[in-house]
Structure formats: C-alpha cells, structure tokens
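Subject: Structure handover

Hello,

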Amino acid sequence: MFCRLTAAFLSLAVILLAAGGCAVNPATGEQQLMLLSEQDEHQLGQQTDRAVIEEYGLYPDDALQNYVQDLGRQMALISHRPELNWQFRVMDSPVVNAFAAPGGYVYITRGLLAAVANEAELAGVLGHEIGHVTARHSAQQYTNRVMASLGLSFGQSVLGRYGEALGPLLETGTGLLFLKFSRDDEYEADALGVTYATRAGYDTRAMAHFFVTLENQPSPEGEGGQRLPEFFSTHPNPANREVNVRRMAGEALAARPGQPYRLNRDGFLDRIDGLVFGDDPRHGFREDDWFYLPRQRVKLPLPAGWSLTHSGNSLQLSHPEGRAAILMEIHPQARSEQVLAAFVEKTQARIASRRTTVNNGIPVQLVLSTVTNGNQQIVMVSHFYQKDRDVFVFHSMTRDTDFPVMKESMQIPAAGFTAMTDPAKLNRQPQRLRIVKVAQAVTLRQLLQQSGVAEKMWSQIAWLNGWALDTPIPAGERLKMVR
C-alpha cells in the first residue's frame, strides 16, 4: 500500500509527548531533549523502513545489497552504538542521496553508487549516515517535528495551493527523513564518519573528494522530476566543509602511523558494473503526451503543458497557472473500497456524489467531493480503479470557483487511463553503467567519440569518472561508461 503516516504512528507520538525528557547523546555524552526512548527509536525506524521500501523500492540486486550491508555493518559495529540492529539499503532511485532513520536504518540510492569513485568514498558516506544515527540526529528530527506538530505536505511544492488540502494523503513515513539537518549536525556527522571509516581501514581523504563530485554534478537528462531530494537538499553544504573533512581525515590518518589504508577502487567498480543508470523506464516514463507504466501494464494521457513529477508509486501533475492539480497513487495488493474509505477518513472529504462504472474495460468508483483548504473549498474528482490486485487512484482538484472551467482538462489522465499492449513500450530497458578498460592512451572525448556515445551524455560520463573531456587517460585505466 502506498505509504503514509499511520494511525499507530500518530498514537505513538502522543504517548511520546507525554513521556518526553532528557537523554544522553551516545556519541557526544551530552544531555539533550529527546522524546524517543531507544525502544521507541527502534519502532519508528522499523515503521520508516517499511515506508521507504514501499515508496521508493529496493534496488533488485541481492549481491549489491549484501555488499553494502556488509560494508556498513563493518563500520557500525565499531561505532558508538554497535548494539543496534543496523540495516543498510540500496534504494532504486537515480537521485544522488543518502539518508538515515532512527534505530540504525541507513539508505543510499543507486544514483549515489554511480557517483562514488571507490569503496573508501562509499565508506565515508555510510560512516556519515551512521554518525547521524549514533548522535541521534534523526531521532532529534522526529522530536522537533512532533513538537512543532505532526504533519508534512510532502508534495506541496508540486501541488502548490492544493498541498494543504491533501496533506493527510501526502503525509508519509519517509517525509521526515528529508528535513534538513543543522550545520552543527552535519559537522558532527562528518567527524563521526571520518572516525568510523578510518577505524575500518579506509583512506578518508576520499570522503572529502566526494563533496567535490557532488558540487560538480551536471543537470540530469530526462523529463519529469523525482520527489526524492538531492544530497545537498537534505545535507546542507556550508562553506569549507570539504576542507574540514580533508583536515579531519589527515589528522585521523596521522594518529595511526604505519597503518595501511585502502581505497579499493577496482573492487568497487566490479560491484557496480551493470548498475542501472538514470531513470528506469520500467518504473514509468513519459513519451509525447502519454505516461507509461510498463510493470503495471497501463498508460494514461497527460494534459498539455502541465508539469509532471514521478516517484515510486505516485505521480503528480500541476496546471501551468496553478489552477488545478492531480495526484495519482498506486496501491498494490489493495481493494478500491478500502482505499476510498481511507481517503474519506484522512481528508474528511464531504462526498457530493459517488457511482460505480467501467471505463476502458476497468472497474472504477467515481467520487465527487469537497475538501476544506484554509478559507477555500477545493473540489475533488477522484477515480478509484481496480485493476487486477492493484488500485490506481486519481485525485483531480481545483478551487470551487475554477471547477466549471477546469473540470474537463483535470480529468484527462483519469478518463484516459487504460491498459497498454505495445511490446516496444512494455519491454523498454534502462541504461546501465559498464566498466571498461582503456586499451591505449586517449582523451575521454576521443574515447566517447570512438565508442559512439551520444554527445548529450558526455558531461554525465565525464562527471561520473572525475575526468575532464580533454585530459589524457593512460592505457589500462578503468572507466565508467553508460550503455
């Protein structure tokens, strides 16, 4: 089921507010206000973990998942909180990010794995996220959010004025992960990350290089944004952060003279050979005025000129003048009656009409309702499609004053929702990273020309490798290419 903040979580929050108090930070030894006990922290971590997996999906490669789990756990066991049930996940998202949940849950995206140059860089990133957990920064985020009142309109930037009206639908267990950490939290996590990765035997100067990689990241190719934010959106990058990490790494290495430290570039490159790169069309893609979902074998038309954001099991569309918005959700293994009832309960929508029909061969419940949005009334037309064992929901919304004008265009996706049968679209495959060895000295530009790589990809490949296009590459060097 598409993840959202559960009633159990809300009940837990009330209990925590009543039972709050001071706690000792395991990493610093300092007293801090904390509404979560370690048991509560573990429970919230489990809930968040389920929500993250349901919304964004795990990358389907057991060998890669085990590799990241083993690497992360190696450092977690020498951290300030080795007793936690540490879990490290690779998420199936092209966005470059890493984040952590209370209780020992750490997530990195396949987009981040593509950007990392070697195992030492990856160890530094994992160590940084471990630091957020051991210093209880994530738990503190939950505490701050609860104290400020629960609720997060995660899609508000896309849905604009309609985000508040749909707040209950957009509240997710994942949203709280993407609040920004403070500058002090980031510095502390950097220091802890250097400590943990150094203890594990890595050259942590590579961690500083990763910040350079992030700073130089070019704009991605493709259409339609991802709601999962970029690294610097959740991890502020104050001035001199790279310099500070490089200094801390140098001090940590100097404190252990004679100890060997590793980068393990070749071993890491072997692990990511074949990694999906960029948007995966199997999860959904736009072509002309249609959006295709090959795995669900369905498609839907898009209103001309509307902006689109796709992530996991949701699709958001916004009118160019902000006069209407559409939220599409996929609820796997569900029944439309249950999803509809949950919608009414969460939004307190006042139903004006409801009927059951069949559209394009698919059973659908069509509901007209109103939702209060501050001082405005939002009119919503909701379609609850039952296709096999999944429910596809379209919430089309506009202000009551705009409804007569917008009611036709805002229902285009829902009205045109239908099965897809075109084999070429059903079998669309993603691009993948391939690790190649340079046979003879050549510039990256010459290599890409000789390999027939589309010129629009050159800046991305140069960034992935940390090479300028006209810098000579020695024979025998291994590079990331995109096929």
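Is D388 buried or exposed? D388 is exposed, with a relative accessible area of 60% (buried means under 20%, exposed over 50%, partly exposed in between, with a 1.4 Å probe and protein chains only). D388 meets K387 in a salt bridge at 3.4 Å, N to O (a side-chain nitrogen of Lys or Arg within 4 Å of a carboxyl oxygen of Asp or Glu). K387, at 16%, is buried.

This is a predicted model, in which local features need pLDDT of at least 70 and side-chain atom pairs pLDDT 80 or more, while totals for chains, interfaces and linings use all residues. Residues are numbered from 1 along each chain as its sequence is written, and side-chain values use heavy atoms, without hydrogens and water.

The whole structure has 20 salt bridges. R428 pairs with E287, their closest N and O atoms being 3.0 Å apart. R428 is in the loop between α17 (423-426) and β18 (431-437) and E287 in strand β7 (residues 285-287), so the bridge ties together parts 141 residues apart in sequence (helices, H or I of at least four residues, and strands, E of at least two, are DSSP runs numbered from the N terminus). Shared partners join E287, D422, K425 and R428 into one network.

The largest nonpolar core has 70 residues (buried Ala, Val, Leu, Ile, Met, Phe, Trp, Tyr and Cys joined through side-chain atoms within 4.5 Å). Helix α5 (residues 119-134) gives the most to this core, 7 residues. Apart from it lies another core of 26 residues, including W306 and F403.

Regards
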